[in-house]
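Morning, everyone. Let's look at some ring contacts in this one. Here it is on the screen.

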Amino acid sequence: MKKKILAVMMVLTIAIPVLALTGCKKTESADVVVIGAGGAGLSAAVQAKQDGAKNVVVLEKMPMVGGNTNRATGGLNAAETEQQKAKGIKDSIETMYEDTMKGGYNKNNPELVRKLANEAKDSVAWLTKLGADLSDVGRMAGATNYRTHRPTGGAAAGASIVKTLKEAADKEKVDIRLWNKATEIVLDKDGKVSGVKATDKEGKEYTINTKAVILTAGGFGANEEMIVSYNANLKGFATTNHSGATGDGIKLAEAINADFVDMAEIQTHPTVVPDKAVMVTEAVRGNGAILINKDGKRFCNELETRDVVSAAILEQKDKLAYLFFEDGLKESLKATEEYFNMGLVIEADNLEELAKKIEVNPAALTESVNKYNTGVESKNDEFKRPDLPRQLNKGKVYAIPVTPAVHHTMGGVKINTNAEVINKDGNTIPGLYAAGEVTGGVHGGNRLGGNALADIVTYGRTAGKNAVTFIK
């Protein structure tokens, strides 16, 4: 009997420490922790490794990398690049700066825009060196010149850039953790970054001790409640954002007294397929497509800024328009292929047949297209469209129904040109950096198409470089 009691006591003595260890929260260390594995986060992580950080951890709450960058199709804006020079395109950093400030209604932080314009060309060169194809150069709304860099034939740029960055991250042995959500940025008693609390894919909590955190968690375009809290007019709008764009980074920053800027500046994208939440890239309009209303008539300059074109569509019958193009444009832009594959395009052999399918007046549609083609030939468009790359008169004709949807949140965490986060007292938070759509100040009151990819790579790299400098 005594032997049995002794054996039970020994089992209990052994079991108690095991249970205690099971209940403990794991703690580890890293040189740099990146919150969010979109284009900005991956750029920051790769750059940090290139600059000498030994252990870089990327926390991503979603089951895949890329975030909204996967959905970016248009391209990456940059001036004075080798790709432009090879095509004989005359552009300047100063013009890109002026276009961006004008597009943002001068609400942008000029210092942040100046850095973006100066260094975007370096981002293109860096991505190209990593293996990205950015050889094609197109033009997006609000740009004076052709400066939107994208893959050969005008293919979608975002997913291609994500693929390049993910391969580079794997090569650099970046520790990317999917299904891992950051829950708190930890500051020490002096207000300096000391760690990140997170939960893993099983919901278990753990802490990473670190002196440098880079916040790249994206915007809040998929969080209707947060959107409406800043702009009640957007209640009920669809969104082009992926489901993870819920403003988690905003909440993390808010909890540590970070300052914010331009939170009410929320952009709608004018050409989103109703009930599908599929955005039709601005590059389609940039390559020559026009907008037709339900009366079969053009109603605006398609290359006005996104807010202006969105407003114009909302003034039309049923707040809807049709994006019209033909085989010539289809052949010029590979990005259109996905819309055909998804069954979003209404096809016809001629204008009369298309008019019947989309239920508009055939004579009005024919007159609108012919008038546009005449304007292209004479270089005198009735809506003063500045760029007329082609007549729409080749082969079959196509239409895609479109309406505006929430697209980009220009406001966010306040940063300086070092990508350092500023608190509400006007001071930097030592060890905390941010880049991408989680930040504010770069785009002001309206973002130009092509500037998001420029922003995330340029400021992602800046954050990665300065985080490593800080820990050294």
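**Rings and charges**

Start with lysine 330: its charged end sits over the ring of phenylalanine 340, 4.3 Å from the centre. "Over a ring" takes NZ of Lys or CZ of Arg within 6 Å of the ring centre and within 35 degrees of the ring normal. Lysine 26 has its charged end over the ring of tyrosine 206, at 5.4 Å from the centre.

Some ground rules. This is a predicted model, where local features need pLDDT of at least 70, side-chain atom pairs count only at pLDDT 80 or more, and totals for chains, interfaces and linings use all residues. Residues are numbered from 1 along each chain as its sequence is written, and side-chain values use heavy atoms, with hydrogens and water left out.

Now the aromatic pairs. Rings of Phe, Tyr and Trp (its six-membered ring) pair if their centres lie within 6.5 Å; planes under 30 degrees apart are stacked, over 60 edge-to-face, the rest tilted. That rule gives five aromatic pairs. One of them joins phenylalanine 325 and phenylalanine 340, edge-to-face, 6.2 Å centre to centre, with 90° between the planes. Phenylalanine 325 is in strand E16 and phenylalanine 340 in helix H12, so this pair ties together parts 15 residues apart in sequence. Helices (H or I, at least four residues) and strands (E, at least two) are DSSP runs, numbered from the N terminus.

Phenylalanine 340 also pairs with tyrosine 398: the centres are 4.9 Å apart and the planes at 90°, so this is edge-to-face. Tyrosine 398 lies in strand E18, 58 residues from phenylalanine 340.

To close: Phe325, Phe340 and Tyr398 make one aromatic cluster.
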